[in-house]
Amino acid sequence: MLIEVKVPVLSESIAEATLVSWHKKQGEKVNRGDNLIDVETDKVVLELPAPQSGVLCKIIKADGATVTSGEVIANIDTEASKSAETPNSVDDNSVSASDETEAALDKQNVDETIPMLMPAARKLAEENNLKAAETNGIKGTGRGGRITKEDVQAYVNSKGRGVADTSSQSISSVSPSVKITTGERVDRKVAMSRLRMRIAERLVQSQSTAAILTTFNEVNMQSIIDLRTRYKKTFEKEYGVKLGFTSFFVKAVIAALKKYPIINASVDGNEIVYHDYYDIGIAVGSPRGLVVPIIRDADRLSLAEIELQIADFAKRAKDGKLTIEELTGGTFSITNGGVFGSMLSTPIINPPQSAILGIHVTKERPVAENGQIVIRPMNYLALSYDHRIIDGREAVLSLVAIKEALEYPVSPLLET
């Protein structure tokens, strides 16, 4: 019986996706639930599991293909017992799909077949006559430590030998096209991933459709540092998560948004949409690029619940496991360039939101207090806002409210 493998249903905001790389070859045996291929949208990478066990008898859409919801990309024969001969087989003979036969072939052809090599990477390795001893030494940057084509190409380039990869690529492919000029001078063109293209599109959209201004202030972080130092051990013991700084900023932001609702609003044509809830986006770095997962109803969460969500977001962003729903919506965002050492920046609004808070590195600096110069741990805050609906008064006062909430926190916040 032939089973169709279809692209999963994408959200309404996503028109199409890209097939990243097949994990199974045509003619290979698959088990139900095996990840057949990664499907990249402009927000997340989805794993597409095999709907039934059998043999992947036909791949209809190749790596790098652009697909839409429900599109058929492969067929699985549920009655086949072993894989058929394919161009990508390890030798000229038909290969049995049983684990024992595959293991034997892998052992016999160890120079040609490296388990962690992605198909495109294996092909490039073969073109450059790389042996197992060499490919085993290449550090894989793909998911689960897999060795990608880029990893192999970088190794070849570092050795100053071999054949550069110049194969044509889909616009959504992440494989590089390398042009060798003279000597060791190499230019590499790498097509943007779908996520990177979406980030670029949204940032340009934000700057071209909103009247963005940024206001700044500084905050003395001593009270938060003292509070965190006092409670961090008991907090981690009780809740199983470290007490960071971001949860305090989330709480401070919510306090300001409640005082100045326009900061939490958005523009819809000629109307202003006021949101009576607080869905706070937290910018998180990932191997694929910057993503902004949303903490829903953040005003109803305790510091511990916020920290748990942030830790979970960070882990799953690294593994590419965030869902489309978790990256959709939001009424206000927070971005922390301070973790990378940034002292000051002007963050760009995440549309359709109307404001974003930029946090920066906390440094001990000389400040004046009561006519005296003292050293305090200071952090520069930046609030970028859409001047179409937010006046300077509300922007400045809301940032002052964030500053005051951080400089004069109360310990019961740890229990709310």
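Helices here are DSSP runs of H or I with at least four residues, strands are E runs with at least two, and both are numbered from the N terminus. This is a predicted model, so local features need pLDDT of at least 70 and side-chain atom pairs count only at pLDDT 80 or more, while totals for chains, interfaces and linings use all residues. Residues are numbered from 1 along each chain as its sequence is written, and side-chain values use heavy atoms, with hydrogens and water left out.

View 1. Asn 370 sits in the loop between strand S20 (363-369) and strand S21 (372-386). Asn 370 is not a glycine, yet its phi is positive, about 55°. Most residues other than glycine have a negative phi, and most peptide bonds are trans. With 81% relative accessibility, Asn 370 counts as exposed (buried means under 20% relative accessible area, exposed over 50%, partly exposed in between, with a 1.4 Å probe and protein chains only). 

**View 2. Asp 297, another non-glycine with a positive phi.** Its phi is about 45°. Look for Asp 297 in the loop between strand S17 (294-295) and helix H8 (303-319). Asp 297 has a relative accessible area of 29%, so it counts as partly exposed.

**View 3. The loop between S18 and S19, with Pro 352 and Met 343.** A cis peptide bond joins Pro 351 and Pro 352, with omega at about 5°. Pro 352 belongs to the loop between S18 and S19. Met 343 also has its place between strand S18 (332-336) and strand S19 (355-359), and is partly exposed at 46% relative accessible area. Together with Phe 216 and Leu 344, Met 343 makes a nonpolar surface patch of about 290 Å². Patches are made of residues with over 30% relative accessible area and no salt bridge; like charges are joined within 9 Å, and nonpolar side chains (Val, Leu, Ile, Met, Phe, Trp, Tyr) within 5 Å. Accessible areas come from the Shrake-Rupley method with a 1.4 Å probe, and for residues only the protein chains shown count as cover.

View 4. The structure holds one aromatic pair. Phe 235 and Tyr 239 form this tilted pair, with 4.9 Å centre to centre and 55° between the planes. For such pairs, rings of Phe, Tyr and Trp (its six-membered ring) have centres within 6.5 Å; planes under 30 degrees apart count as stacked, over 60 as edge-to-face and the rest as tilted. Phe 235 is buried at 3% relative accessibility, whereas Tyr 239 is partly exposed at 31%.

**View 5. Inside the largest nonpolar core.** A nonpolar core is a set of buried Ala, Val, Leu, Ile, Met, Phe, Trp, Tyr and Cys residues joined through side-chain atoms within 4.5 Å. The largest one has 74 residues, and those with the most contacts inside it are Ile 73, Ile 280, Phe 332, Ile 334, Leu 357, Ile 402 and Leu 406. Helix H7 (residues 246-259) brings the largest share of this core, eight residues. Zoom in on Leu 406: leaving out residues up to four places away in sequence, Leu 406 touches Val 219, Ser 223, Ile 224, Phe 248, Phe 249, Ala 252 and Leu 381 (contact means heavy atoms within 4.5 Å). Another core lies apart from the largest one and has eleven residues, including Ala 125, Ile 138, Ile 147 and Val 152.

**View 6. Lys 58 in strand S6.** Strand S6 covers residues 54-59. Lys 58 is partly exposed, with a relative accessible area of 44%. Setting aside neighbours within four places in sequence, Lys 58 is in contact with Gln 26, Ala 74 and Asn 75.

**View 7. Some of the twelve salt bridges.** A salt bridge is a side-chain nitrogen of Lys or Arg within 4 Å of a carboxyl oxygen of Asp or Glu. Arg 376 pairs with Glu 369, the closest N and O atoms being 3.1 Å apart; Arg 376 is partly exposed at 25%, and Glu 369 is partly exposed at 27%. Arg 388 bridges to Asp 386 at 2.7 Å between the closest N and O atoms. Here Arg 388 is partly exposed at 47%, while Asp 386 is buried at 2%. Glu 394 and Arg 393 meet at 3.3 Å, N to O, with Glu 394 buried at 18% and Arg 393 exposed at 56%. Salt bridges that share partners also join Asp 312, Arg 316 and Glu 326 into one network.
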